[in-house]
Amino acid sequence: MQQEPPRLWTLPDEQRVLTVDAAAILTEAGLPIRPQTLTKLRCVGGGPEFQTFGRRPVYTLMALRTFAKCRLGDPVRNTSQRLRVASLTDEASPPIEAGTR
């Protein structure tokens with residue numbers, strides 16, 4: 001029996017889901033995250049883009065895909081390679097000034 005691909009990659013880009021469903025879809029795709037984490041990221045920043053429907057936040061599947069891709073690190077073969085990639089990335093990125101976002 002063939003396993004179906006995760007919904008994160010098969011549902012249409014414009015489909016909107018609530019926070020609990022967004023967390024379930026990301027977790028099903030192997031990217032575990034809790035609804036409470038998405039709620040916190042909405043307040044402090046760093047989470048996927050969202051819209052509101054009345055008082056309820058909703059996420060598009062495209063926003064969840066973008067969020068997942070941004071959170072994933074570069075592929076590496078060992079931990080020392082991961083640290084080297086991170087240090088090269090840090091050197092290449094200019095510092096972000098306060099209030100520029």
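**View 1. Helix α4 on the strands.** Helix α4, residues 61-71, lies across β1 and β3, and its direction runs at about 70 degrees to that of β3. Axes here are lines fitted to C-alpha atoms, for helices over the stretch in contact, with angles from 0 to 180 degrees between N-to-C directions; contact means heavy atoms within 4.5 Å. Helices (H or I, at least four residues) and strands (E, at least two) are DSSP runs, numbered from the N terminus. This is a predicted model, where local features need pLDDT of at least 70, side-chain atom pairs count only at pLDDT 80 or more, and totals for chains, interfaces and linings use all residues. Residues are numbered from 1 along each chain as its sequence is written, and side-chain values use heavy atoms, leaving out hydrogens and water.

**View 2. The open sheet.** Here's the antiparallel trio, in the order β1-β3-β2; two strands pair if DSSP finds at least two bridges between them. At the edges sit β1 (16-18) and β2 (51-53), each pairing on one side only. From one strand to the next, the twist averages 45 degrees.

**View 3. Helix α2 on the sheet.** Helix α2 (residues 19-28) packs on the sheet and touches β1 and β3. Its direction makes about 105 degrees with that of β1.

View 4. Look for glutamine 51, which stands opposite valine 58 in β3.

**View 5. Stepping back to the whole fold.** Five helices and three strands make up the secondary structure, running α-β-α-α-β-β-α-α from the N terminus on.
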